[in-house]
Amino acid sequence: MFLVLSFFVELFFFLIDTFFIELILSQNVSRTYRINRTVTFEQEFYSDSKKKDVKRSINLNLKRSDNNALDMDLLILIGRKEGVTANVKFGKNEDSNKLLVNFCLPTKLLKSGDDKNVYYYYELKNRQSVNIRFSQMSFDVLSTPLKINLADGKQRFTTGPNLGVLTGRSWGKTQFTHRSHVGNIQIDKKQTFGFYSGVSKVNFNFTNPANAQENAELVLFSPGLGYLLSYQRFNFGATLGLDFALGKNSSNWDFQGSSWIGVNLGYTLFSF
């Protein structure tokens, strides 16, 4: 088992060194959207006063599948700034123009006696878009191809694989666009802030007590904080923290316990 794991780690490093790319794996946990009065779409119209086409934001009306009016308690919750959390996705086939909303409703609304087949939705026209905000827990496995250590006036620049995990909270918005004949699209923009924990290798020379030069290669543990900006699968961010070499002769490393800052620029290969 250990040999198999070692093989995949070495393969990961080889891909980064060979193709100069940052590999990012991402897990998005429990994404919830906020449904409130800010759910709007932009409509273009001609302004006589400005003599040109201008855009204005119009509230998008939430509907029920049975065509009944919305429950007053639900209207009150949606009217608040914090809104109501929900899962959101496009419908399929003949409902592809509907943005289905599955509310995480309070218990008192769940007991309202509605038919279980009743659902809520926004209806979009062709090429109409709506932006809805979301939040989620995120787990990102990433590398830091450029890293700078600072210690007692010394600097150390490192390129190559610096594998780490960023665990934190993401905030962003999804733009849902209905396209009648070519398929719906949704575009995510988000920012993630969290705790970073990295592992890599360090190789250095030092002078032993016998005044002879020795070489050491140790595992490097790098805890810290990280921030990522993401547009779809493209990512840009920064990480910072402290470096700790582990093992015999770690105290002889000049940058033991030093602060560092890293740059992350890459592409999310897949989410899981």
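**Before starting**

The model is predicted, so local features require pLDDT of at least 70 and side-chain atom pairs pLDDT 80 or more, while totals for chains, interfaces and linings use all residues. Residues are numbered from 1 along each chain as its sequence is written, and side-chain values use heavy atoms, with hydrogens and water left out.

**The whole chain**

Select the entire chain and colour it by secondary structure. There are 3 helices and 16 strands; these are DSSP runs, numbered from the N terminus (helices H or I, at least four residues; strands E, at least two). Of the 272 residues, 39% count as buried. Buried means under 20% relative accessible area, exposed over 50%, and partly exposed in between, with a 1.4 Å probe and protein chains only. The chain exposes about 16700 Å², and carbon and sulfur atoms supply 57% of that area; the areas come from the Shrake-Rupley method with a 1.4 Å probe, and for residues only the protein chains shown count as cover. Among contacts (heavy atoms within 4.5 Å) between residues at least 6 apart in sequence, 64% join residues at least 24 apart.

**The nonpolar cores**

Next, select Val101, Phe103 and Ile132. These residues have the most contacts inside the largest nonpolar core, which has 23 residues. Such a core is a set of buried Ala, Val, Leu, Ile, Met, Phe, Trp, Tyr and Cys residues joined through side-chain atoms within 4.5 Å. The most come from β5, with 4 residues.

Centre the view on Val101. Leaving aside neighbours within four places in sequence, Val101 is in contact with Ile35, Leu62, Ala86, Asn87, Val88, Tyr120, Tyr121 and Tyr122. Apart from this core lies another, of 10 residues; select Val202, Ala216, Leu220 and Phe255, which are among them.

**Lysine 63**

Move to Lys63, in strand β4 (residues 63-64). Lys63 counts as partly exposed because its relative accessibility is 35%. Show the side chain of Glu123 as well: a polar contact of 3.0 Å joins it to the side chain of Lys63. A polar contact is a pair of N or O atoms within 3.5 Å; within protein, one must be able to donate a hydrogen and the other to accept it, and residues adjacent in sequence count only if both atoms are side-chain atoms. Not counting residues up to four places away in sequence, Lys63 touches Leu70, Tyr119, Tyr120, Tyr121 and Glu123. The C-alpha atoms of Lys63 and Tyr119 are separated by 8.5 Å, although the two residues are 56 apart along the chain.

**Aspartate 188**

Select Asp188, in strand β12 (residues 185-207). Asp188 counts as buried because its relative accessibility is 17%. Its side chain makes a polar contact of 2.6 Å with the side chain of Thr174. Beyond neighbours within four places in sequence, the contacts of Asp188 are Arg31, Phe134, Lys173, Thr174, Ser230, Tyr231 and Gln232.

**Two asparagines in loops**

Finally, select Asn67, in the loop between β4 and α2, and Asn211, in the loop between β12 and β13 (213-231). Phi of Asn67 is near 65°, a positive value in a residue other than glycine. Asn211 also has a positive phi, of about 65°. Asn67 counts as exposed at 67% relative accessibility, and Asn211 counts as exposed at 66%.
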